[in-house]
Amino acid sequence: ITTIVSALLIVTYNLTYVDTSGIITDELMEKCVYLMGEGDYSIVTDWKEDGYAIDKPENVQKLIRKSDGTIAFQIVTSGYNKNGLDLLIAMNDDGTIKGVSVVSISETPGLGTKVNDAAFLDSLAGIGNSITIVKNAPANEYEVQAVTGATYSSKGVAEAINIAIDTYREMGVA
């Protein structure tokens, strides 16, 4: 009986599975428009075929391209919770961060979720080199002060920023 039920579950799964990797959800589209403005968006599925120097890295969920060539990366990183930060990071043509938006967050409410604060996210715009998170006032341009009470989550955001900058450079765009 368990073998038959298992086989039926596998068949049902295979018949009903819908691949969402090439779909831009309404929530993701809202974040794209917020960061990059109105336009036509598509998900790049074959990076090399589209002229980029690398294939999609494992740590990048999606590469979203606007019709004008502007791109954004959807990156999931860990803060306090494993894979607790789902971020959309838009890039400028010069390889700097255009903007960051939180697609979803499963960090500790009231603490880790503070990284979704507009002031913190807006402070990341213009960054063009790898950054580190510090608890005190930044001593140089490569440091960003952690959100109070959300150090791990802040480090997760910084990791996503660093992935986006490094990936953009490796793509041969900038």
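I take contact to mean heavy atoms within 4.5 Å. The model is predicted: local features need pLDDT of at least 70, side-chain atom pairs count only at pLDDT 80 or more, and totals for chains, interfaces and linings use all residues. Residues are numbered from 1 along each chain as its sequence is written, and side-chain values use heavy atoms, with hydrogens and water left out.

**Entry 1: serine 101**

I looked up serine 101 and found it in strand β5. Helices (H or I, at least four residues) and strands (E, at least two) are DSSP runs, numbered from the N terminus. Serine 101 has a relative accessible area of 5%, so I noted it as buried. Buried means under 20% relative accessible area, exposed over 50%, and partly exposed in between, with a 1.4 Å probe and protein chains only. Not counting residues up to four places away in sequence, serine 101 touches Lys31, Tyr34, Leu35, Asp86, Leu87 and Leu88.

**Entry 2: β4 and β5**

I checked how β4 and β5 pair (DSSP must find at least two bridges between two strands). They run in the antiparallel sense, over seven bridges. Leucine 87 stands opposite valine 102 in β5. Five residues lie between the two strands of this hairpin, and glycine 95 in the turn has a positive phi of about 90°.

**Entry 3: helix α2**

I listed the buried residues of α2 (residues 26–36): Leu28, Lys31, Cys32, Leu35 and Met36. Seen down the helix axis, they fall within an arc of 105°, so they line one face of α2. The arc is that of the directions from the helix axis to the C-beta atoms. Asp26, Glu30 and Tyr34 are exposed on the face turned away from the buried side. The buried residues pack against β1 (41–44), β2 (62–66), β3 (71–77), β4 (85–91) and β5 (97–105). Just after α2, glycine 37 has a positive phi of about 90°.

**Entry 4: the cores**

I then looked for nonpolar cores, each a set of buried Ala, Val, Leu, Ile, Met, Phe, Trp, Tyr and Cys residues joined through side-chain atoms within 4.5 Å. The largest has 36 residues, and Phe73 and Trp47 are among those with the most contacts inside it. Its largest share, eight residues, comes from α4. A second, separate core of twelve residues includes Ile24, Leu28, Leu88 and Ala90. In soluble globular proteins, nonpolar side chains tend to be buried together. Leaving aside neighbours within four places in sequence, phenylalanine 73 is in contact with residues including Trp47, Ile89 and Ala164.
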